[in-house]
Structures are given as C-alpha cells and as structure tokens.
Amino acid sequence: MSAVTVIDKIQEKAAAEAAAIRKNAEEKALAASEAILSDATAKAKNITRGAEEQAERLVAAEKQQSGLEARISYLNEKRRLLIALRRETAEQRCGFDENKTAELLTKLVLEIPLEGEVFVGASAKDAILIREKGLLANWKHAATEKYGRAVEYKLSEEPLSVNGGLVLYGTKYDVDLTYDTLIDAIFEAHEKEIADCLFKSGS
C-alpha cells in the first residue's frame, strides 16, 4: 500500500469520526434545547396558573368585600328605620290629648306597687296636667285599694327635662317611667320582631 493510500484512509477515518462527533453534538444540542423549551413551557404554565389563581382570589375577595359592604349598608338602613320608628312612636305618645295622657300616666303609676311617700317627677307640661286633673289624689285612692297599703303621691317641685312620662321616687327604689325609657325597653326587647315586620319583604 502506497503512502498516498494510507494518508487517504486516515483522512477518511478522521472525516467519519468528525461527522459522528458532529452528529452526536447536534443530537445533544437538540435534546438540550428541547429540555430547555419544555422547562420554560412548564414554568410559563405555572406562572399562568398562578396568575389565574391570584386573579380568582382577587375576584373572590372583591365579591366578599362587596357582599360585606352590602350587608353593612342593609343593616345601617334597618337601624335608621328603627330609630325613625322609635322617634315617631315617642312623638305620638307626646301628642296624646289630655284625657289620653292622664289615662296613660295613671296606668303607668298603678302598675308599680310602691308604698309610703312617693315623689312624682314629671315634665313641666305633664306636671300641669297632673295638678289640673287631680291625679295625685286619684292615684292614692286607686293604689291603696289595689295594693292594700297606704301610698302618698307628691309632685316633685322641679320638672324633669323629658319628652313625657314619669319618674317615681319611692322610699326603697325609684322607677323610670319616662316615654323614652319605656320605648327603648320595648324596642330592645322586640327589636327582631319589629325589624322582621319592616323588612319581611326584603330579608
């Protein structure tokens, strides 16, 4: 075999090995590219999914906040109407004529089983009514008959700064029978029923 032939063989073998190495490198490079692309795609999907979940959480939070604000607004409206109804009720009590007022005051006084000396605190307007209609004597007679013990009612000298009703100052305890206090107690005890009547169509 001549020297030229040997050189050609070596060159052919080198070229074949170089081609094989190049092909192997290309295959590895392609595989690496695919792996990088796959990883990037997975990361992109994770980012997208995370963004979607975050968006869902934000929407849910917004709905919850809107619902909470609506509930607060609803409760505030209920409270506003209850206050308005309470005020209107108090105004109606203050707007009674003299006979109706005298009847109401008498009923309030006789519901309380006091004895001995009882001072009666009243507004300036009601104090005049009590004097003019002689209610103190009527109450004394009725209470003595009802409870079987002597009761002496005396009108307090200083009028009360109230919208109506009375305060009874007994020897053992006092009783607040002013309209505001009585109406507050009624509304506190029956607020749910009153609110249900006001909002039965919207609750």
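**Reading salt bridges in a predicted model**

Guide: Glu117 and Lys154 form a salt bridge, with their closest N and O atoms 2.6 Å apart. This is a predicted model, in which local features need pLDDT of at least 70 and side-chain atom pairs count only at pLDDT 80 or more, while totals for chains, interfaces and linings use all residues. Residues are numbered from 1 along each chain as its sequence is written, and side-chain values use heavy atoms, leaving out hydrogens and water.

Visitor: What is a salt bridge, and how many does the structure hold?

Guide: The term means a side-chain nitrogen of Lys or Arg within 4 Å of a carboxyl oxygen of Asp or Glu. The structure holds 3 salt bridges.

Visitor: Where do Glu117 and Lys154 lie?

Guide: Helices (H or I, at least four residues) and strands (E, at least two) are DSSP runs, numbered from the N terminus. Glu117 is in strand β1 and Lys154 in strand β2, so this pair ties together parts 37 residues apart in sequence.

Visitor: Which residue pairs with Lys140?

Guide: Lys140 forms a salt bridge with Glu152, the closest N and O atoms being 2.9 Å apart. Lys140 lies in helix α4 and Glu152 in strand β2, so the pair ties together parts that are 12 residues apart in sequence.

Visitor: Is Lys140 buried, exposed or partly exposed?

Guide: Buried means under 20% relative accessible area, exposed over 50%, and partly exposed in between (1.4 Å probe, protein chains only). Lys140 counts as partly exposed at 37% relative accessibility, and Glu152 counts as partly exposed at 33%.
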